[in-house]
Amino acid sequence: MDTTGDHGQPLAGMQVFTVRPRDRGTRRLLAALRAAGADAFNLAPQRLVACPAPDVGRRIEDLGDASHWLFTSPAAVRIAARQDDRAGLALFAPAGSLARAGAAGRVFAPGPGTAAELLHLGIAPTVPDQRYDSEGLLALPALGEPLEGHVVIVGAPDGRGLLAPSLRERGAKVTLLHVYARVSQPLPRRELARLCGTDCPLLVASSGALLDALLAQLDTRRRQRLASRSAMVVASGRLATQAREAGFTDVTTATSARPEDLLEAVHARAAAVRAPA
């Protein structure tokens, strides 16, 4: 079936559901999907809650002499910088210790999205070349064994838990700095009804935790039905494996969780469907 639609809109007729936080990156992605003709909606089954600024500020002040900093997500950068400012500290200042650590190759980001947030603040991070996840970070020579120094991992308390023990095994002192938490929030009935009532939806997921939180809000019958008739675009190979384990079989992997890369993968998937057999 031709889905190019009027005015050359390559995604016309597609029903796309992003499974992402409500942030500016998601808004950009939704706008681009709609501009290409898709009916696009966001499903956010979790929300991010910042830890109290005084608590974060006290911990940042205590960690100011750490040698290595690892930020696990764009939200970790934004919230840590905001709490640092509210506490009257200067960790993220233009000539602050983070900028100096970045210049020395001792600030790390798992992927381009987190790196962009740091660069926006004048901090140059080291990023894996290909695999944008914990395994990619652990493969970086700068985090290889033996690893001397104090590594601060900035993020939320419910991550995969792979980084800290691996870095400790390599010889580093590791501190977890939790600057936000993920809190489940029930999706409105109308959003779940729209998702479950669509014949061939395309889900775009950039977080395994968010995908799990979405599926947890569906009963077994609706989860199985959604998996059997949906396509997925995901942000990493690890997330592709998770999606397949949840029953999804039509899975396309983007090169990263950046909105631009997810959008490119949606277009590639749509073009493959339109191509003659």
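In strand β7, His 178 is the bridge partner of Gly 155. Six bridges join β7 to strand β6, residues 150-155, and the two run parallel. Helices (H or I, at least four residues) and strands (E, at least two) are DSSP runs, numbered from the N terminus. The model before you is predicted, with local features requiring pLDDT of at least 70 and side-chain atom pairs pLDDT 80 or more, while totals for chains, interfaces and linings use all residues. Residues are numbered from 1 along each chain as its sequence is written, and side-chain values use heavy atoms, without hydrogens or water.

Let me turn to the sheet. The order is β5-β4-β6-β7, four strands in an open sheet with parallel pairing; two strands pair if DSSP finds at least two bridges between them. β5 (107-108) and β7 (173-178) are the edge strands, each with a single partner, so one side of each lacks a neighbour in the sheet.

Next, the helices. The axes of α3 (residues 74-86) and α5 (residues 112-120), lines fitted to C-alpha atoms over the stretch in contact, come within 7 Å and cross at roughly 25°. The pair is therefore roughly parallel, a term for angles under 35 degrees. Pro 74, Val 77 and Arg 78 of α3 meet Gly 113, Thr 114, Glu 117 and Leu 118 of α5, contact meaning heavy atoms within 4.5 Å.

Which residues of α5 are buried? They are Pro 112, Thr 114, Ala 115, Glu 117 and Leu 118, buried being under 20% relative accessible area with a 1.4 Å probe, protein chains only. These residues pack against α1 (24-35), β4 (68-71), α3 and β5. Finally, Gly 122 follows α5 with a positive phi, near 80°.

Note on methods: Axes fitted to C-alpha atoms, helices over the stretch in contact; angles between N-to-C directions. Parallel < 35°, antiparallel > 145°, perpendicular 65-115°, else oblique. Buried < 20%, exposed > 50% of the residue type's maximum accessible area, 1.4 Å probe, protein only.
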